Every structure is written in structure tokens, then in C-alpha cells.
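Please read them alongside the coordinates.

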Amino acid sequence: MSIALPPLSLYIHIPWCVQKCPYCDFNSHAVREEIPEEAYVAALLDDLEQELKEISIRPLQSIFIGGGTPSLFSATMINTLLNQVEQRISFARDIEITMEANPGTFEQEKFRGYREAGVNRLSLGIQSFADTQLTALGRIHSGQEAIKAAGVARELFDNMNLDLMHGLPGQSTEQALQDLQIAASLKPDHISWYQLTIEPNTEFHARPPSLPVDETLWDIQERGQLFLAEAGYTQYEISAYAQAGKQARHNLNYWQFGDYIGIGAGAHGKVTQEDGAILRRWKQKQPKAYMQVDKRLGGSETLEVDALPFEFMLNALRLTDGVDSTLFPSRTGLDLSTLDPITEKARKMGLLDTDPSRLAPTQQGRLFLNNLLEMFLDD
């Protein structure tokens, strides 16, 4: 079956941060000396040029600059980076360009420069508005700084996301809801609200904090989702809530099994070849190694055909409404009937919507998503 080339996005990873948070398992590195902005941007652009040799060129639908803390970079360098990227690959007329930023005063002073550089969606890493929680999480901003930063961002950007966590050390349901209430009062277009998890190779894994019990976590989840719905934020993915028309287009492309180039230390990419093969590539994690021309690529693999159902569903079933069934053959090149034995069983179990025109989890399926996904694993 023929395969259609999906939309193309670009992920840019800037790996430095002021200090490593105890819960963070991302590829981030605390600043030990002056950040080599110019050398790193040069490496990013060379990385992009190498990537473009390997793929079928399409206009970029979205760009996401993540980290680390990208807002440690000057607005001038972000402007240079985006201008140079556009010289190498065209931008869609309505391209979404997201940049992650921290609420610290130092970063706030740069917000206007980022907007002028072409960033049109700012994502603020708030995590909590409670100073005690921020301290427990190793964050270096205060609750008041977070509120001020959101106000500044709201004035400058038409599209703003706030990142919040729940299930924090010692957190009660009321405290978690208060974070959401403050967030909603700041009128973001999008709220990413996700539960703190203890990941391997983190400080919290080595020295686990005392987290809320399961009953409290369920209560936070249920009451929080109800509050967000009443405040006008529709849940469209496991941890993503948006006002009408403000879903994160870059993330939607991930979840709809679109293509994305990944450049930067530790960045991952997934691109579809003309022959239908789907290639994953990843970069060296250590910034110094990444900036050496002959060592940027960490590795690559072509996805096996038998792995495609799980890879597709791993993304698509994160979406509350799932995806149109025709997206599966379009993005994988496999006939929809390939899924029939599994989808029939999942529908009988009440985990998958019975509408054959959609691949979507039921409410029960969302609660037991891991069980549902495991059904698509190739034995």
C-alpha cells in the first residue's frame, strides 16, 4: 500500500539549564561556564543541513525549541537561528514556533526579543505557584515571579502555554487545585498539566520524596479535570488542555504520527522516506561531543513493519478523541485490516471506541491506556 508523506516539523534542543531539577530525566546540563551560543547555533545549522540531505523536503508546519532552558540563549541568537533555518527550509505560512522559557526575571527581560525573533507561542515552565512546592522541586523561581512572567508573556504572545505538575511532595488536593485556579486566572491558551513521576537516573529516584497516596492522586485528577473543563479548557490529550483552536500543533503532529526532524544534543527525529520506510535518528547527548562535526549522530534505525501498529497507537491513543481510522494506512503504509484482530478484541473489552471510522480510546481505555497499548505490541 502506498504511503503519503506526513506534515513535517522541527524540534531544536538547547540542553543547558541553570541547575538540574531533581525530577528531571531530560537531556539537560547545568551551566558550568559561559554557554557557547554561536558555536552551538553553528552546530545546529550544520546538523539541519545533514538532515535535509536524508529526507523529502516539505515546508515546516511547526518548530519547537525545547531544553534544558532555551531562554538562557539571547534573543539575538534565537533570531539568527530561526532566520538561518528558514534559509534552509521553507516555513508554512501559518507556522507555529514554540519556545520553552523559565519564569525567572532574567528570562522575562528577553521575552519581547523572542517575539520579535519570530517565536509566536511561549511555553512557561511554571510547575507550581506555591513557593514550598517550587523549593521541593528544585525550581529557582518564586510563585510571584511565575505570575509576573505569565502576565508579561500574555501581553506579548497571542498563544501561551503554562506547564504545571501535580502529585507533588506533600501536596493536598486543595493545593493542586489552587495551582490550577491561579493558572486559569492568568488566561493561558493552553495548559499542560501532568503528574510528577519518579524516573530512573534522577535525584528523586535516588532519594524519593514523600508523594501523595493513590486516593489523593485520583482525587486531584478528577477534580482538576472537572475544574479545567468548567474553566473552558478541553482535554484533548493525556496531559494537555486547550481553549478552542489552541491545541499545540507541534505536539499534535507527534501524536498523529507525523514527521519531525530533531537537531541538537540528544534530539530525536522520525522521518518517512519516499519508499515508505520510517527512519528514526538521534543525536549525541553530551553538548561537547555533539558540537564535533564527526560525532553528532548518536544512531539511527528503520522501524520494522511489525512494529508500526504499536508505534502508531502509542501516539494516537494519547489523544482523547483518537484519530480518523484512515490515518493509520496513510502514515504506516499498512492496510487498516492489519489491526482488525486487536481492535475487535479491544472494542469487546470496552477499551476502544466501537465507531470503526475512528481509532480512539474509550473513557475506560484512557484509564487503562497501558493495558490497551500492550495489545498492539508484536509478540
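1. Strand 1 (residues 8-14) is mostly covered, with 7 of its 7 residues buried. Leu-8, Leu-10, Ile-12 and Ile-14 point one way from the strand, while Ser-9, Tyr-11 and His-13 point the other way. Both sets are buried. This is a predicted model, and the remarks below should be read as such.

2. Strand 1 pairs with two other strands in what follows. With strand 4 (residues 60-67) it runs parallel, joined by 7 bridges; Ser-9 stands opposite Ser-62 of strand 4. With strand 11 (residues 259-263) it also runs parallel, through 5 bridges, and here Ile-12 stands opposite Ile-263.

3. Which residues have the most contacts inside the largest nonpolar core? They are Ile-63, Ile-78, Val-85, Phe-111 and Leu-124, in a core of 66 residues. Helix 1 (residues 37-52) gives the most to this core, namely 7 residues. Apart from it lies another core of 29 residues, which includes Ala-248, Leu-303, Met-375 and Phe-376. As a general rule, nonpolar side chains in soluble globular proteins tend to be buried together.

4. Ile-63 deserves a separate entry. Neighbours within four places in sequence aside, its contacts include Leu-10 and Ile-12, two residues that point the same way from strand 1. Ile-63 also touches Leu-82, Val-85, Phe-91, Ile-95, Glu-96, Ile-97, Thr-98 and His-250.

5. Helix 9 (residues 214-230) has 17 residues, so at 1.5 Å a residue it should span 24 Å; its end C-alpha atoms are 24 Å apart, in agreement. Leu-217, Ile-220, Gln-221, Gly-224 and Leu-228 are its buried residues. They lie on the same side of helix 9, because the arc they cover around the axis is only 100 degrees. An α-helix has 3.6 residues a turn, so residues three or four places apart point the same way.

6. What covers the buried residues of helix 9? The cover includes strand 7 (160-166), helix 7 (173-185), strand 8 (190-195) and strand 10 (240-242). On the face turned away from the buried side are the exposed residues Glu-215, Glu-222, Leu-226 and Glu-230.

7. After helix 9 comes Gly-232, with a positive phi near 95 degrees. Strand 9 (residues 234-237) then runs antiparallel to strand 10, with 3 bridges between them. Thr-234 has Ala-242 as its bridge partner in strand 10, and a hairpin of 2 residues joins strand 9 to strand 10.

Definitions and conventions
Residues numbered from 1 in each chain as written. Predicted model: local features only at pLDDT ≥ 70, side-chain atom pairs only at ≥ 80, totals over all residues. Heavy atoms only, no water. Helix = DSSP H or I, 4+ residues; strand = E, 2+ residues; numbered from the N terminus. Expected span 1.5 Å × (residues − 1). Buried < 20%, exposed > 50% of the residue type's maximum accessible area, 1.4 Å probe, protein only. Arc of directions from axis to C-beta. Contact = heavy atoms within 4.5 Å. Pairing = 2+ DSSP bridges. Core = buried A, V, L, I, M, F, W, Y, C linked by side-chain atoms within 4.5 Å.
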